[in-house]
Amino acid sequence: MIQFYFLSILLNLMTGSVLLYSSANLDGDSDLESEKKSSFIKSLFEKIFGSSGILEDSLFILVVAFLSFFTGIIKLFFPVNKIIIFGDLLPSLTGILGGLSLLFSYYSEKSDVAFQLPSFLEKIFVSEKNIFGILSIIIAILHFILPGVLFL
C-alpha cells in the first residue's frame, strides 16, 4: 500500500531526527568534541525545524514511537513490491527498532522503577542511539529514492 510507504518514510525520518536530537541533548558529556557535536546537531535542527521544542516534547516522542513501531509491523506484510516479508525489510526493521528505542528512552525518563536491559540491547538502544538515528534517516532517504529495490 502506497500510504504505508510514505508513512514509513516520514516516520523513519522523524524517528531518526528524534534519536539524533535526544542523543545530542544528553547531559554529562564534558568532552569538548561531544559538546561541539551536540551544538552542531542542535543548530542544524533549529535551522530545519525553526525551533527544537517539538523534538523535546514527550507526548510527541511517544506518538512517533508508537506510530513508527506499528507502521514497521504493517510494512512487513504490505510491501511496495509484491514480495511479502522481504519486500521492505530494512525500512520495516528500522521502524520497529526505532520505535522500540524511543519507547525505551521514554520509559526510562518517566518511570521511577529501574529498568535494566541486557548489556548488548542497552548499547544498541540507549548508548549508541545516534548511530541508529543516522541509519534510520539514511534508510528512509534511500527507500524514498529507490522504492522497488528488494530489501529496501
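**Reading rings, a cavity and a helix**

Author: Let's start with the rings: this predicted model holds 1 aromatic pair.

Reader: How is a pair of aromatic rings described?

Author: You give the distance of the centres and the angle of the planes. Here the rings are those of Tyr5 and Phe6, with centres 5.1 Å apart and planes at 65 degrees. Angles over 60 count as edge-to-face, so that's what we call this pair.

Reader: Is Tyr5 buried or exposed?

Author: Tyr5 counts as buried, because its relative accessibility is 4% and the cut-off for buried is under 20%. Phe6, with a relative accessible area of 45%, is partly exposed.

Reader: Okay, on to empty space. What shows where it is left?

Author: Rolling a probe the size of a water molecule over the atoms does that. In this structure there is 1 cavity of 30 Å³ or more, and about 30 Å³ of space lies in the largest cavity.

Reader: Which residues line the largest cavity?

Author: Its lining is made up of Ser8, Leu11, Asn12, Ser68, Thr71, Gly72, Pro91 and Gly95. Two or more of the lining residues come from each of α1 (2-24), α3 (58-77) and α4 (89-110). Sorted by class, the lining has 2 nonpolar and 6 polar residues, with no charged ones.

Reader: And how many residues does helix α6 have?

Author: Helix α6 (residues 129-145) has 17 residues. From first C-alpha to last, α6 reaches 24 Å, close to the 24 Å expected at 1.5 Å a residue.

Reader: Which residues in α6 are buried?

Author: Look for Lys129, Asn130, Phe132, Gly133, Ser136, Ile137, Ile139, Ala140 and His143; these are buried in α6.

Conventions
Residues are numbered from 1 along each chain as its sequence is written. This is a predicted model: local features need pLDDT of at least 70, side-chain atom pairs count only at pLDDT 80 or more; totals for chains, interfaces and linings use all residues. Side-chain values use heavy atoms; hydrogens and water are left out. Rings of Phe, Tyr and Trp (its six-membered ring) pair if their centres lie within 6.5 Å; planes under 30 degrees apart count as stacked, over 60 as edge-to-face and the rest as tilted. Buried means under 20% relative accessible area, exposed over 50%, partly exposed in between (1.4 Å probe, protein chains only). On a 1 Å grid over the protein atoms alone, a cavity is a set of points where a 1.4 Å probe fits but cannot get out, and a pocket is an open set with protein on both sides within 12 Å along at least five of seven lines; lining residues have an atom within 4 Å of a point. Grid points are joined across faces, edges and corners, and a volume is the space filled by probe spheres set on the points. Helices (H or I, at least four residues) and strands (E, at least two) are DSSP runs, numbered from the N terminus. Ala, Val, Leu, Ile, Met, Phe, Trp, Tyr, Cys and Pro count as nonpolar, Asp, Glu, Lys and Arg as charged, and the others, Gly among them, as polar. The expected span of a helix is 1.5 Å times one less than its number of residues.
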